[in-house]
Amino acid sequence: MQTLCDSFGRTVEYLRLSVTDRCDFRCVYCMEEDPCFLAKEQVLSLEELALIGRAFTELGVKKIRLTGGEPLIRTDCEELVKQLGSLPGLDDLSMTTNGSRLAKLAPSLKAAGLKRLNISLDTLKGERFSALTRNGKLERVVAGIDAAIAAGFKRIKINSVILKDQNDDEVLDLVEFCRSRKLDIAFIEEMPIGVMDERESSRHLSSDAVRAIIESRYPLSLSDKRTGGPARYYRMSDSPIHIGFISPHSHNFCHECNRVRVTVEGRLLLCLGNEHSVDLKAVLRQHPGDIERLKAAISAAMPLKPREHRFDTGEVQILRFMNATGG
């Protein structure tokens, strides 16, 4: 089987595939309050997304994560899960979601072949949740999390972005929430992507600071758990769950990066923190169904993958928002 390798000897085995830039939330660290979404013709079709997934697996990718925006906004997302889930060589098909639609869709997604879920949850206070998401309902997300647990997913992880003086007083509450449900949790440093009025450098909170809060109650020991993503995981002595830290500012993880992203517009992003990209949509639409040409374009893009990103706290270097990038 072919493999994808960049100029620094890193093998790419993990694709994050965005299926939409739309979302039913407007999280303050992700997008503007009144975003301008893409027109339908600019967005990859179900068939195009499925062909991209097939091309990457034929090039050695073993893990695909579906992202958004909110992927479950797309009514054909379940069908895409079915098509990707049947690809030979794909070991892991997962999704990042805000959880608002899982109460209804969790069982059918599990049956369609989705193996794992990452669910965003930054607060357990209803009013604060509505403020951070600008319009979300906490009770819907908690119901979605519980529905996903009941559906029997292989693994469910909670993702939490902690902002200083906004939700850092809930770090331990979020840990307790996950302990009670036996869910892993990853705490994520805010990334300076997209220009937003609300972002201030003073709200950045490092992973080390979050870890110190947790260790005020639960001493942590480093785990050997690896998921192919950027998180560093820790354990508590009295719980089976893992606590992860994703630290693009304070602990650069680029030396072992095995990931690329494809946006819903079909741009192959070689690095989250750089603008290097290749237009796969142009290849798809100029040569419909030609998977060999698509694979050649993907392989040819690998030398564009940079050694590392450089995020300076509070300084926005990437103008695209996370909902347009894919999580």
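Which residue of β8 does Lys157 stand opposite? In this predicted model, where residues are numbered from 1 along each chain as its sequence is written, Lys157 stands opposite Asp184 in β8. Local features are taken at pLDDT of at least 70 and side-chain atom pairs at pLDDT 80 or more, while totals for chains, interfaces and linings use all residues, and side-chain values rest on heavy atoms, with hydrogens and water left out.

The protein chain contains 10 helices and 14 strands, these being DSSP runs numbered from the N terminus, with helices of type H or I and at least four residues, and strands of type E and at least two. Of its 327 residues, 57% are buried, where buried means under 20% relative accessible area, exposed means over 50%, and partly exposed lies in between, with a 1.4 Å probe and protein chains only. The accessible surface comes to about 13,700 Å², with 49% of that area belonging to carbon and sulfur atoms; the areas come from the Shrake-Rupley method with a 1.4 Å probe, and for residues only the protein chains shown count as cover.

Strand β7 (residues 155–161) has seven of its seven residues buried. In a regular strand the side chains alternate between the two faces of the sheet. Here both faces are covered, with Arg155, Lys157, Asn159 and Val161 buried on one side and Ile156, Ile158 and Ser160 buried on the other. On the β6 side, strand β6 (residues 116–120) pairs with β7 in the parallel sense over five bridges, pairing being assigned if DSSP finds at least two bridges between two strands, and Asn118 has Lys157 as its bridge partner. Five bridges also join β7 to strand β8 (residues 184–188), again in parallel. Together with helix α6 (residues 171–181), β7 and β8 make a right-handed β-α-β unit, right-handed meaning that, with the strands pointing away from the viewer, the path from the first strand over the helix to the second runs clockwise.

The largest nonpolar core has 93 residues, and Phe187 and Ile214 are among those with the most contacts inside it; such a core is a set of buried Ala, Val, Leu, Ile, Met, Phe, Trp, Tyr and Cys residues joined through side-chain atoms within 4.5 Å. Helix α1 (residues 46–58) gives the most to this core, with seven residues. Leaving aside neighbours within four places in sequence, Phe187 is in contact (heavy atoms within 4.5 Å) with residues including Ser160, Val171, Ile214 and Phe245.

The salt bridges number 19, each defined as a side-chain nitrogen of Lys or Arg within 4 Å of a carboxyl oxygen of Asp or Glu. One of them joins Arg181 to Asp146, with the closest N and O atoms 2.8 Å apart, and this pair links distant parts of the chain, since Arg181 lies in helix α6 and Asp146 in helix α5 (residues 138–151), 35 residues apart. Arg181 is partly exposed because its relative accessible area is 25%, and Asp146 is partly exposed at 32%.

Another salt bridge brings together the side chains of Lys295 and Glu292 at 3.5 Å, N to O. Because these two residues are three apart in helix α9, they are separated by about one helical turn. Salt bridges that share partners join Arg54, Glu58, Glu292 and Lys295 into one network. Lys295 counts as buried because its relative accessibility is 7%, and, not counting residues up to four places away in sequence, Lys295 touches Gln2, Ala55, Glu58 and Leu59.
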